[in-house]
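Here is a short briefing to read alongside the model. Keep the sequence and the 3D view open as you go.

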Amino acid sequence: MFHQEVFLSTDNNATSAIAQLLDIMARLRDPEGGCPWDLKQNFDTIAPYTIEEAFEVAEAIARRDYGELREELGDLLLQVVFHSQMAREAELFDFEQVTRTLSEKMIRRHPHVFGADPAADEQAVNANWEAIKAEERRAKGREHDSALDGVPEGLPALQRATKLQKKAAKVGFDWPGPAPVRAQVEAEWAELDQALDGGDAAAVEDEFGDVLFSLINLARHLKLDPEQALRRANAKFERRFRHMETASSSPLTGLNTEQLEQLWRHAKDQE
């Protein structure tokens, strides 16, 4: 039996802060004296901001800037409050229902913590999690037919590719290790070269996508987060390029290829 007393634990300061935030959002959406911009918004227009704020949270974590992380988590929480306020106005649901639904779900999905169903290790936890999620889908009348179901199409492509591959791997459709995946990357590169030789733009795009997909697969087998790896590569490129701009005595636009390459090598040497 689940420990229902977890619902009774409250922090008065946190409760007061949440209540204040909900009041602020209601005021912003008040037709009488509210903010014109906030009043114009709907679920569709706010959704892109919600996604953007999630990425800004990830960026703060990657930079280990915990002061910024605190602020960005607040911005992300605002998105939940904003959607909840619009839903309350439409008589769909409210913030309390959102939080209670989440609490009930977390308790239901952790029987090894809140119930009498112990889990020996992380693998057992994951297996229970998937089984409980499947039961939830059945209860909602969403009986899934594919092992790939449940991966939102709205996810960024890199993240969605990773999730699709993990789903397929759970039913055994996977490479045995990094080596054959590395060979597959080479094979995809060869097919991209053929498409480039053929000059068919659609084929080039298709094969380029296959290369990216195989590289994400390789990252998964190397136990790397491809998103994090690309973030670091972006940061490294930006750092080196800014060094080039600082080190050059003239604008980069006036330099030839050899001069630019020399500046790039110098930037690399400084690291």
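**Loops with positive phi**

Glu-91 is found in the loop between helix 4 and helix 5; helices (H or I, at least four residues) and strands (E, at least two) are DSSP runs, numbered from the N terminus. This is a predicted model, in which local features need pLDDT of at least 70, side-chain atom pairs count only at pLDDT 80 or more, and totals for chains, interfaces and linings use all residues. Residues are numbered from 1 along each chain as its sequence is written, and side-chain values use heavy atoms, with hydrogens and water left out.

- Glu-91 has a phi near 60 degrees, a positive value in a residue other than glycine.
- With a relative accessible area of 73%, Glu-91 is exposed (buried means under 20% relative accessible area, exposed over 50%, partly exposed in between, with a 1.4 Å probe and protein chains only).
- Arg-64, in the loop between helix 3 and helix 4, also has a positive phi, near 55 degrees, and is a residue other than glycine.

**Confidence**

- The protein has a mean pLDDT of 90, and 95% of its residues reach 70 or more; pLDDT is the predictor's confidence in each residue, from 0 to 100.

**Helix 7**

- The end C-alpha atoms of helix 7 are 26 Å apart, which agrees with the 26 Å that its 18 residues should span at 1.5 Å a residue (the expected span is 1.5 Å times one less than the number of residues).
- Ile-132, Ala-134 and Glu-136 are buried in helix 7.
- Helix 5 (95-108) and helix 6 (111-114) are included in what covers the buried residues of helix 7.

- Phe-95, found in helix 5, counts as buried because its relative accessibility is 13%.
- Leaving aside neighbours within four places in sequence, Phe-95 is in contact with Ile-18, Leu-22, Val-80, Val-81 and Ser-84.
- Phe-95 and Val-80 are 15 residues apart in sequence, and their C-alpha atoms are 8.0 Å apart in space.
- Phe-43 lies in helix 3 (residues 43-62) and is partly exposed, with a relative accessible area of 34%.

Notes. Contact means heavy atoms within 4.5 Å.
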